[in-house]
Amino acid sequence: MVAPIVQELSEEYSGKVNFFKMNTDENPTVPSKFGIRSIPSLLIFKGGELKGTVVGFRPKSDLKKRIDEALV
Amino acid sequence: MDSYDIAIIGGGGAGLTAAVYAARAMRSTIVFEGNVTGGQIATTDTVENFPGFPDGINGFDLAQNILKQAEKFGAQVEYARVEKLERAADGTFVVATESAQYGARSVIVAAGADYNKLGVPGEDAFIGRGVSYCATCDAAFFSGQDVVVVGGGDAAIDEALFTTRYAKSVTIVHRRDTLRASAILQERARANDKIRFTWDTVVERIEGEGGVKQVVLRNVKTGETTVFPAAAVFIFIGQVPNSHLLKGLVDLDAGGHAIVDLQMATAVPGLFVAGDVRTKAARQLISAAGDGATAAISAEHYLASLA
């Protein structure tokens, strides 16, 4: 449901940030590993390390801010 | 600044239907959506009362279909939250998002409504960690666990029924001793072995560590409080209209809903309001869609009258 915004972000951050989506029904162990109990949840990783979690719908500008913070 | 004949603020059932009508009338049409197209319907598992779908239809799929239909006729969708709506001196409108401004000769506000919060301690702290306003989204994370649903309307009962697919037990906590939900939903809930009712009771606190572990309940008649273990609290206690853009432009009722006439017209020429953001009795997808169609036709008449 956040797909249209994430799609736009993936184009704007092309070459800098990779975007992935996961079906939580098909991969139940991964969400429980990260304590996810709500969708949509967006997790930001840098160098394999969790840098931030965004739960729920947020405006694009909020998401950009969170990604930019993680990029620094 | 890009300009359009009709700008529609909100891409839920009302806004998307308005877009179908506006675009099909060959008016340049833009829809602004800050979250997810489909609005409340996007997170509804099964829509059973929309005419034409005898077996019901998934809410998200239905919303995507209406979106596709609107885009087929040329409506454009901008995924951005509208921050400001202003009427210019020449009678046209300026719609401002966080990054751009758009001109519009006519505007339909179909911004819908947001869920109400309980406003109790622990609620905000556990959002996304057991506190949820969307069982369709989050129920699957509580497989085999005990959960609480708060509310007594259609949304509460519908989502409680959905949650029984996963949860071990679903306890409906309601502040009265009767439900407001439609009879068919009540009947299904009472027939479901997993659903229990706790009447005349409100949630006083939500507690836990890392995630929700228990809720503190208070019986409103006896004043007695009890601790109820639960892994999740799903809250469905009504809505607040998203009418902040209309403040100062349009008359609002005591609940913040915009007051419009039967043509969805406001006192401001060219400004129309549709769906859950307006004063009305029925808050259903079909009535929202009806509002959207009416508003688009009214906007079309308004534009034709200018020529």
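1. A word to begin with: a residue is called exposed when its relative accessible area is over 50%, and buried when that area is under 20%. Keep in mind as you read that this is a predicted model. Now take B:Met26: its relative accessibility is 74%, so it counts as exposed. This residue sits in the loop between helix H1 (13-24) and E2 of chain B. Its backbone deserves a look too, as B:Met26 has a positive phi of about 65° although it is not a glycine.

2. Next, compare B:Asp200. Here as well phi is positive in a residue other than glycine, with a value near 50°. You will find B:Asp200 in the loop of chain B between strand E13 (195-198) and strand E14 (201-209). Is this residue buried or exposed? B:Asp200 is buried, because its relative accessible area is 13%.

3. Please also visit B:Thr29, which belongs to strand E2 (residues 29-32) of chain B. With a relative accessibility of 2%, B:Thr29 counts as buried. Its side chain reaches the backbone oxygen of B:Arg27 at 2.8 Å. If you set aside neighbours within four places in sequence, the residues in contact with B:Thr29 include B:Tyr4, B:Ile6, B:Ile8, B:Ala19 and B:Gly74.

4. Let us turn to the nonpolar cores. How many residues does the largest one have? The largest nonpolar core has 65 residues, and those with the most contacts inside it are B:Ile9, B:Leu85, B:Val107, B:Ile108 and B:Leu271. A second, separate core has 24 residues, among them B:Phe141, B:Phe142, B:Phe162 and B:Leu185. Leaving aside neighbours within four places in sequence, B:Ile108 is in contact with residues including B:Ile6, B:Ile9, B:Ala18, B:Phe272 and B:Ala299.

5. Now for some helix packing. Two packed helices are described by the angle between their axes and the distance between those axes. In chain B, the axes of H1(B) and helix H2 (residues 59-72) come within 8 Å and cross at roughly 20°. That angle makes H1(B) roughly parallel to H2(B), because angles under 35 degrees count as roughly parallel. Their crossing is left-handed. On the H1(B) side, B:Leu16, B:Thr17, B:Ala19, B:Val20 and B:Ala23 meet B:Ala63, B:Ile66, B:Leu67, B:Gln69 and B:Ala70 of H2(B).

6. Helix H1 (residues 3-12) and helix H3 (residues 60-71) of chain A pack at an angle of about 45°, and their axes are 11 Å apart. H1(A) and H3(A) are therefore oblique to each other, and their crossing is right-handed. The contact is made by A:Ile5, A:Glu8, A:Leu9 and A:Glu12 from H1(A), together with A:Lys60, A:Leu63, A:Lys64 and A:Ile67 from H3(A).

7. While you are in chain A, check the peptide bond from A:Ile39 to A:Pro40. This bond is cis, with omega near 0°. A:Pro40 is found in the loop between helix H2 (29-33) and strand E1 (41-46) of chain A.

8. Finally, which residues are in contact with B:Gly210, leaving aside its neighbours within four places in sequence? They are A:Arg37, B:Phe126 and B:Arg129. B:Gly210 and B:Arg129 are 81 residues apart in sequence and 7.2 Å apart in space, C-alpha to C-alpha. B:Gly210 lies in the loop between E14 and strand E15 (211-219) of chain B. Its relative accessible area is 41%, so B:Gly210 is partly exposed.

Conventions
Residues numbered from 1 in each chain as written. Chains lettered and ligands numbered in written order. Predicted model: local features only at pLDDT ≥ 70, side-chain atom pairs only at ≥ 80, totals over all residues. Heavy atoms only, no water. Core = buried A, V, L, I, M, F, W, Y, C linked by side-chain atoms within 4.5 Å. Buried < 20%, exposed > 50% of the residue type's maximum accessible area, 1.4 Å probe, protein only. Contact = heavy atoms within 4.5 Å. Helix = DSSP H or I, 4+ residues; strand = E, 2+ residues; numbered from the N terminus. Polar contact = N/O pair within 3.5 Å; in protein donor to acceptor, adjacent residues only side chain to side chain. Axes fitted to C-alpha atoms, helices over the stretch in contact; angles between N-to-C directions. Parallel < 35°, antiparallel > 145°, perpendicular 65-115°, else oblique. Left-handed = near helix turned anticlockwise from the far one by under 90°.
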